[in-house]
Amino acid sequence: MATSFGSELIRISEDMDVVRARAEARRLAGTLGFGLGDQTRLATAVSELSRNVLLYAGHGQCEINDISTATDIGIRIVFEDNGPGIADIAKALQDGYSTSGGLGAGLPGTRRLMDSFAIESQPGLTRVDIALQRRRGR
Ligand SMILES: Nc1ncnc2c1ncn2[C@@H]1O[C@H](COP(=O)(O)OP(=O)(O)O)[C@@H](O)[C@H]1O
Ligand SMILES: [Mg+2]
């Protein structure tokens with residue numbers, strides 16, 4: 001039986017927080033009734049986006065929300081930081097684009113894994129909002 005959890009806030013300021021956020025996203029998705037594949041999708045997305053918060057902004061937060069309805073199970077995760085912002089969002093969403101010598105796969109990969117994906121960014125506030133939804137009982 002699925003359990004709802006409302007909302008959970010995780011602060012991100014060190015490596016261990018990324019690990020914790022990843023594990024927590026997987027766990028909460030499991031409690032809502034998401035299958036293993038979706039749990040892994042969410043864990044991967046949370047790992048990438050928390051890592052970005054840490055790497056590019058130094059610290060920030062990740063809020064995991066239960067957005068389940070009568071017909072769907074749903075999870076929405078919002079990442080926020082007060083770092084320098086993403087200078088060019090269109091470029092940042094391209095495969096292989098990285099300003100840190102990374103793989104440049106975090107944002108575009110996460111976008112493909114999720115049902116919805118939105119970025120707002122300006123100097124001092126970056127928000128990445130992702131969600132996954134599935135029909136109940138399928
Ligand atoms: N929270 C953030 N704040 C500022 N810039 C960011 C943030 N997240 C991503 N970026 C920018 O977007 C680029 C692409 O991110 P990503 O796809 O995760 O690749 P990578 O982290 O490997 O560079 C980063 O190189 C960085 O310039
Ligand atoms: Mg990244």
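**Note on the ligand shell and the sheet**

1. Around ligand 1 stand 23 residues, of which A92, S98, T99, G102 and G106 come nearest; a residue is near a molecule or strand if its C-beta atom, placed from the backbone, lies within 6 Å of it.

2. This is a predicted model, in which local features need pLDDT of at least 70, side-chain atom pairs count only at pLDDT 80 or more, and totals for chains, interfaces and linings use all residues. Residues are numbered from 1 along each chain as its sequence is written, while chains are lettered from A and ligands numbered from 1 in the order in which they are written.

3. Helix α2 (36-57) and helix α4 (106-113) each give at least two residues to the shell around ligand 1, and the largest share, five residues, belongs to α2. Helices (H or I, at least four residues) and strands (E, at least two) are DSSP runs, numbered from the N terminus.

4. An open sheet of five strands runs in the order β1-β2-β3-β5-β4, with antiparallel pairing. Its edge strands, β1 (7-12) and β4, each pair on one side only. Two strands pair if DSSP finds at least two bridges between them.

5. Strand β5 (residues 125-135) pairs with β3 (residues 72-81) over 10 bridges, in the antiparallel sense. Within this pairing, I75 has L132 in β5 as its bridge partner, and G74 has Q133.

6. Strand β4 (residues 116-122) also pairs with β5 in the antiparallel sense, over seven bridges; the partner of E120 in β5 is R127. In the hairpin of β4 and β5, with two residues between the strands, G124 takes a positive phi near 95 degrees.
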